[in-house]
Every structure is written in C-alpha cells, then in structure tokens.
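Me: Hi! I've got a structure open and would like to talk it through with you. Could you start with whatever term we'll need for the contacts?

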Amino acid sequence: MSEKIASLKVGCSNSKKLKWFAWGTGGLIVFIGLLVFVVFLVLHPSKRSFNLEDVTVYQFNVSKVPPYAINIIMQVTLSSRNPNSRISVEYQPLHVYATYRDQQITMAYLLPPTYQGHKEPVVWSPPLTGYDMPISPYSQQSLDQDWHAGVVLMNIKLQGDVKWKVGTWISPKYHLYVHCPANIRFGDLSNGGPNLIKGQPVDHCDVEIAS
C-alpha cells in the first residue's frame, strides 16, 4: 500500500512539473512573439524615407540603327533619413543604376557600406555611366520618340542588403529595393545630344524591404 501511495505522489509531482514546463514554454513563446511583433512595428519599412535630390545628364545618345544601344553619362544624388531616435541602420554594399521601361541603361554603381545613426541623414552622389548598353527595338523607338518630345522618364533604382541595430541587438539581413522616377527634360537637340541636362524627380521614392 505504501508503495502505491509513493508511486501516486511521484506521478503527481511529475505531472505538476510537466504542467509548469508547458506553461513556461508557452509563456516564453508568447513573449518572443510579442517581442518580434514590437520590433517589426518599430522597424517597419514605411519609417524609412528616400529621396531623389538631383539628376544631371552630361551625355545622352541613342543609336538609330540596329543593334540598338544607348550611351549615357549622368550623376544622381539620393538621400535617406532615419527618423528613429533609438534605431541605427547599417547599409551593406548597395547598387545604384538607371532604367528606362524596365531595361537597365547604366552600369550598376557599387556604394560602400554605410552606417546611419539615430536621426541622421545620409547622402549618396554616384556617377552612372552606360556605354553601348543594348536596348530592345521597342524601347529604342519609344526612347527616340520621348527624346524628341523633350521628356524622357527614367527610373533610378537602389538595391542591396540592410540591417538595423537596437542597442546591442542586430537584425538579420533584409533586402532593400528603392525606386525613384525622374523626368529628364531635353532642350535643343540640334547638335545631336544634350551637353548638360537637369532632371526633375517625379514623385517620392518607393521603398520595399523583403527578407
């Protein structure tokens, strides 16, 4: 009889331990979930702002016969602002390039790793060049029409990896996509191409961050 009672006591003790372990594990999971949710809200991509401050085109020529290609020399100025007072940003190497109708028309310029502190702005002014960059016949026709109409809509794109730092905690890498449209307005084309043209940003830059 005493052995049965002792066995029941051991069983009850083990059951209580299992119950406490289950409660503890569940509480830890809920805490981690809440922590991840709070961090997600704090680090939401919408809090990141990017702007295309300036676009200057120094050379722009499009071939008239196939194979169609474009030659362009330009410089762009992009800025980013970190509005948070407790979160810093670590930009891994970023690539900047220009596109026309989803076709890349400049080589990608590699920006060095950049640290952005609390409430700090960051400004990049990379040169973008494209020599004999191939384009499709459809893009050549559209580009030729836009060029002679005096306005060409280009897109300046920036992409690469980014991390956030809160205290000693550093987030995993996320992929950053920034898309900035700009109107390039051409004047006198009688000499075969512009010497210096200032572009005008169309709207705010679209920002997307993915894991």
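Reply: Happy to! Contact here means heavy atoms within 4.5 Å. Also keep in mind that this is a predicted model.

Me: Good. What is serine 80 in contact with, leaving aside its neighbours within four places in sequence?

Reply: Serine 80 touches Ser49, Phe50, Tyr91, Gln116, Glu120, Pro121, Val122 and Trp124, once its neighbours within four places in sequence are left out.

Me: And where is serine 80 found?

Reply: Serine 80 belongs to strand E2, which covers residues 69–81.

Me: Buried or exposed, that serine 80?

Reply: Serine 80 is buried, because its relative accessible area is 2% and the cut-off for buried is under 20%.

Me: Let me zoom out. How many helices and strands are there in the protein?

Reply: The protein has two helices and 13 strands. It has 211 residues, and 35% of them count as buried.

Me: What share of the contacts with a separation of 6 or more comes from residues 24 or more positions apart?

Reply: That share is 71% in this protein.

Me: Which residues form a nonpolar patch on the surface?

Reply: Leu28, Phe31 and Ile32 form one, and together they have about 310 Å² of accessible area. Leucine 28 sits in helix H1, residues 2–42.

Me: Now helix H2. How many residues does it have, and how far does it reach?

Reply: Helix H2 runs over residues 137–149, so 13 residues, and it spans 18 Å from first C-alpha to last, as the expected span is 1.5 Å times one less than the number of residues. The value is close to the 18 Å expected.

Me: Which residues of H2 are buried?

Reply: They are Ser139, Gln140, Ser142, Leu143 and Trp147.

Me: What do those buried residues of H2 pack against?

Reply: They pack against five strands: E1 (49–62), E2, E3 (88–100), E4 (103–104) and E9 (151–166).

Me: What follows H2?

Reply: Glycine 150 comes after H2, and its phi is positive, near 100°.

Me: Switching to charges: which side chains meet in a salt bridge?

Reply: Those of lysine 64 and aspartate 144 do, at 2.6 Å from N to O. The pair links distant parts of the chain, with lysine 64 in the loop between E1 and E2 and aspartate 144 in helix H2, 80 residues apart. The count of salt bridges comes to one.

Me: How accessible are lysine 64 and aspartate 144?

Reply: Lysine 64 has 47% relative accessibility, so it counts as partly exposed. Aspartate 144 has 21%, so it counts as partly exposed too. Partly exposed lies between the buried cut-off of under 20% and the exposed cut-off of over 50%.

Me: Last topic, strand pairing. How many bridges join E9 to strand E11?

Reply: There are 12 bridges between E9 and E11 (residues 174–185), and the two run antiparallel. Within that pairing, valine 162 has tyrosine 174 in E11 as its bridge partner.

Me: What about E11 and strand E13?

Reply: Five bridges connect E11 with E13 (residues 206–210), again antiparallel. There, tyrosine 177 stands opposite glutamate 208 in E13.

Me: And E11 with strand E12, what's the story?

Reply: E11 and E12 (residues 197–201) pair in the antiparallel sense over three bridges. Isoleucine 184 has glycine 199 in E12 as its bridge partner.

How values were computed:
Residues numbered from 1 in each chain as written. Predicted model: local features only at pLDDT ≥ 70, side-chain atom pairs only at ≥ 80, totals over all residues. Heavy atoms only, no water. Helix = DSSP H or I, 4+ residues; strand = E, 2+ residues; numbered from the N terminus. Buried < 20%, exposed > 50% of the residue type's maximum accessible area, 1.4 Å probe, protein only. Patch = residues over 30% accessible without salt bridge, like charges linked within 9 Å, V, L, I, M, F, W, Y side chains within 5 Å. Areas by Shrake-Rupley, 256 points an atom, 1.4 Å probe, with all protein chains shown as cover. Salt bridge = Lys/Arg side-chain N within 4 Å of Asp/Glu carboxyl O. Pairing = 2+ DSSP bridges.
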